[in-house]
Amino acid sequence: MSRNMVLSIPEEDRISDLPYEVLEHILSYLPTKDAVATTFLSKRWKSESVWRSQLNLHFDDKTIPDPSAFRQLLYSVITKRDNTLPIHSFHLNSRHDYNTDFYNFVYSSVITRGVQNLSIDHCNITTTKTFILTTLPTFVLTTKTLSVLKLKTIALNEDDPYFEFDLPSLKVLHLESVAFTYDKHIRKLLSACPILEELETKDLTIKRLAKHLQFDVPSLSNLVTADISGGYIVLDWLHNVQHLRIKLRWVNPLLAMFHNLIHMELRFDSSYPAGFKGGRLIKLLQNSPKLQTMIIDEGDIEWKDPKIVPECLLSHLTTCSLGNYRRSYDQIQFAKYIMQNSIVLSTMTIQIAKSVKSDTKIQMCKELSLCPRNSATCKLLFI
């Protein structure tokens, strides 16, 4: 090839020549702001306005610093899209304070189009770096088409203590930094989700806490996965789960059997008394007969071997991971108990705390390596 040869690049717009359905699919991966901006790419994109038929809408006002401009964009998309088409997914992240009427218009428009996946994050931050919780209209919580609902940094407007939730199609519910007016509404919300399969909660708050907490169990018979951090979710409500990640608080009672639980990741809240952690661990093991994987991130614990070996150790537990180990007597005794009584255990992992000195690590490794193991295939790993 000659050094002076210049490669010619065709000027035709190959993307615009793609079928309409392919263009729609491409735009579905873009934030809605960028999808709307494609009208400036060519005459075809402008004339056909492919973005008007988008079924998945995603708005984030951090990409548009001017609140008025963002509000105008959101209003234009809602009013100018092809409203004969449904809205499958709607995601809104807003860091500015918009008025209630505007939010009501947006949410009612989306719900009218049969939204299935709704994600809302109202992270309104003032100049003093404090959070302002925007109120979610109650009609959102009676949307029969919703299968996924994710709420973050928001307050629920349920001043009426007799307000009833109704989410018959909901399968996934994530709540983070959500404020409830009454504690009873958490139970009512969960009870209004009869086919719920996945639940995540973190840092829930209650404005008017009852003097006596009620621990009646919502109907969560379809629940498969739960990830719970913070208070107000009672452990017994989750008794049908298969996969559980939880940060236990002192007030959590434990009466139910977890017959389906096969994977558990456990942490204790900092307020949990160290003297009671061992007893709670024993109770969890006894109430989870099919447990296969146990991951515990815990340093302080007082352990005493139970008189009866939990059923899960005798027949199901294959993987155990113990974190934040410092070579305390009780930690060593707990690790030894698991290895000495788990018949089918294949992997025991000990994660040593970073603060532990090298000579202490060596002593811990030697001590646990010499411990008898009930399972001939058990591998002991230190990380």
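This is a predicted model: local features need pLDDT of at least 70, side-chain atom pairs count only at pLDDT 80 or more; totals for chains, interfaces and linings use all residues.
Let me begin with the helices. Two packed helices are described by the angle between their axes and the distance between the axes. Here the pair is helix α4, residues 67–80, and helix α5, residues 100–112, which pack at an angle of about 30°, with their axes 11 Å apart. Because angles under 35 degrees count as roughly parallel, α4 is described as roughly parallel to α5. As for the handedness, α4 passes α5 in a left-handed crossing.

Turning to the side of α4 in this contact, you can find Arg71, Leu74, Tyr75, Ile78 and Thr79, and these meet Phe102, Phe105, Val106, Ser109 and Val110 in α5. Taken by class, the residues of that contact divide into 7 nonpolar, 2 polar and 1 charged.

Now to the cavity. How many cavities of 30 Å³ or more does the count give? The count comes to 1 cavity at that cut-off, and the volume of the largest cavity is about 70 Å³. Its lining is made up of 10 residues, and those that lie nearest the centre are Ile296, Glu298, Ile301, Tyr325 and Phe334.

Which elements each supply at least two residues of this lining? They are β15, residues 319–325, and α9, residues 329–341, and β15 gives the most, with 3 residues. By class, the lining of the largest cavity divides into 6 nonpolar residues, 3 polar and 1 charged.

Key: Residues are numbered from 1 along each chain as its sequence is written. Side-chain values use heavy atoms; hydrogens and water are left out. On a 1 Å grid over the protein atoms alone, a cavity is a set of points where a 1.4 Å probe fits but cannot get out, and a pocket is an open set with protein on both sides within 12 Å along at least five of seven lines; lining residues have an atom within 4 Å of a point. Grid points are joined across faces, edges and corners, and a volume is the space filled by probe spheres set on the points. Helices (H or I, at least four residues) and strands (E, at least two) are DSSP runs, numbered from the N terminus. Ala, Val, Leu, Ile, Met, Phe, Trp, Tyr, Cys and Pro count as nonpolar, Asp, Glu, Lys and Arg as charged, and the others, Gly among them, as polar. Axes are lines fitted to C-alpha atoms, for helices over the stretch in contact, and angles run from 0 to 180 degrees between N-to-C directions. Angles under 35 degrees count as roughly parallel, over 145 as roughly antiparallel, 65 to 115 as roughly perpendicular and the rest as oblique. A crossing is left-handed if the near helix is turned anticlockwise from the far one by less than a right angle, and right-handed if clockwise. Contact means heavy atoms within 4.5 Å.
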